[in-house]
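Please read them with the coordinates open.

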Amino acid sequence: MPQPTLKASQAGIEKAKTAQTGKGWSRQDLADHVVIGEGKHPQTGISRSTVNNFFTCNDVKTQYFVAICKALGLEWEEIREPNGTPSPQIPLPNDNPTAEVEQPNINYNNPFFPLSGRIDKPQFFFGREREIRRVFETLNSGSNVAVIGESAIGKSSLLQAIYREAPNQLRYARQPIYIDLQIVCDEDDFYGDLCHKAGIEKAKGGNLSRALESNPLLLLLDEVENMRWDGFTNPTRSLLRGLTEGYNPPLRLVIAARTSLDILFPGTNMTSPFKGHEETLKQWDEKICREFIASRLHASWLTPVTKPVNFTEAEIAELIAESGGYPQKLMKLCYQTYDRYLKEAKSP
């Protein structure tokens, strides 16, 4: 007899992503924090593929689904797909409870987070105004955009900002869709995810092109290097390129990659649709680093403390120098410095 499953709604996934960002967890971190069972010998940790299924609205075993929600501090009833109401014989938490997941010791008075992963919440996103403006200028001129940059430089967070601002910034209305190719197994999975988020029946080739005529998309693809896997064929890459051609085509693309997109469209028969339209993300300069530190130290959402924390000029200079202007590294270093101040304040 197949085991009962649940799946998340799209609104539930947005809540889960926000909770994950607030904790500063990667998906692997989340998988590691999930605990199944109770008593002396609970099962600690689940596979990342299960977490990926959760975030892509696929079926997940009920006990795993509930435990993932608990790890994120969410009520599973608010996350599941409403139509996925479990049948009466399915053991729910009160009948067969999963163990309480041990919450990490996170100090919410520390404003320097998340320590890893993309930034989804607009109030936590900082800088990159110039890059955002240039991306929309390129899109509105009729071209696609490739965001190029090293790991942990902020590409995924920039895609999220573009996703949020697309309804107000695009000259022609398009539905923005974000897909993280780290959690897409192959091109069949890709088409399924794309069509699901677009709200259309699963299709590819000419059928997909026709379906998008009345529903043009702005497709934001993260970790696009994964399209070089054996699971993706040249026809899929060719289709994406074909859908972007024309004055107001069914598709506009913004992709994030670590290197030039020539690797994705090799040879003379498949030129890159991003040629000449690459936006390179670089490290923050000293001015931006200082503005970021000041904005977090005096953030309006920061939980009030008895003695507000301020960094010395020497500390700020050292933090900027040690980070090299890399946003994620600067975040971690600032977190450690701020945490030291909090601990010193608690010391007798």
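This is a predicted model: local features need pLDDT of at least 70, side-chain atom pairs count only at pLDDT 80 or more; totals for chains, interfaces and linings use all residues.

Which residues of β8 lie on one side and which on the other, and are they buried or exposed?

1. Strand β8 has both faces covered, with Leu 251, Leu 253, Ile 255 and Ala 257 on one side and Arg 252, Val 254 and Ala 256 on the other, and all of these are buried, where buried means under 20% relative accessible area, exposed over 50% and partly exposed in between, with a 1.4 Å probe and protein chains only. In a regular strand the side chains alternate between the two faces of the sheet.

2. Residues are numbered from 1 along each chain as its sequence is written, and side-chain values use heavy atoms, with hydrogens and water left out.

3. As an overall description, the chain has 13 helices and 9 strands, these being DSSP runs (H or I of at least four residues for helices, E of at least two for strands) numbered from the N terminus. Buried residues account for 49% of the 348 residues in the chain. Of the contacts between residues at least 6 apart in sequence, 74% join residues at least 24 apart, a contact being heavy atoms within 4.5 Å.

4. Returning to β8, its pairing can be described on the basis that two strands pair if DSSP finds at least two bridges between them. Strand β5 (residues 145-148) runs parallel to β8 and is joined to it by 4 bridges, with Ala 146 standing opposite Ile 255. Strand β7 (residues 217-222) also pairs with β8 in the parallel sense, over 5 bridges, and here Leu 218 stands opposite Arg 252.

5. Two packed helices are described by the angle between their axes and the distance between the axes. Helix α6 (residues 129-140) and helix α7 (residues 155-169) pack at an angle of about 55°, with axes 11 Å apart; the axes are lines fitted to C-alpha atoms over the stretch in contact, and angles run from 0 to 180 degrees between N-to-C directions. The two helices are therefore oblique to each other, since angles under 35 degrees count as roughly parallel, over 145 as roughly antiparallel, 65 to 115 as roughly perpendicular and the rest as oblique. The residues that meet include Ile 132, Val 135 and Phe 136 in α6 and Leu 158, Ala 161 and Ile 162 in α7. By class, this contact has 7 nonpolar, 2 polar and 2 charged residues, with Ala, Val, Leu, Ile, Met, Phe, Trp, Tyr, Cys and Pro counted as nonpolar, Asp, Glu, Lys and Arg as charged, and the others, Gly among them, as polar.

6. Helix α12 (residues 313-323) packs with helix α13 (residues 327-346) at an angle of about 145°, and their axes are 8 Å apart. On the α12 side the contact is made by Glu 315, Leu 319, Ile 320, Glu 322 and Ser 323, which meet residues of α13 including Lys 329, Leu 333, Arg 340 and Tyr 341. This contact comprises 6 nonpolar, 2 polar and 4 charged residues.

7. The backbone deserves a separate check, given that most residues other than glycine have a negative phi, and most peptide bonds are trans. A cis peptide bond, with omega about 0°, joins Phe 113 and Pro 114, and Pro 114 is placed in the loop between α5 and α6. Arg 128 lies in the loop between α5 and α6, has a positive phi of about 65° although it is not a glycine, and counts as buried at 8% relative accessibility. Glu 223, in the loop between β7 and α10 (234-243), has a positive phi of about 55° and at 19% relative accessibility counts as buried.

8. In helix α3 (residues 48-55) the buried residues are Thr 50, Val 51, Asn 52, Phe 54 and Phe 55, and they pack against α1 (10-23), α2 (27-33), β4 (60-61), α4 (62-71) and α5. Just after α3, Cys 57 takes a positive phi of about 60°.
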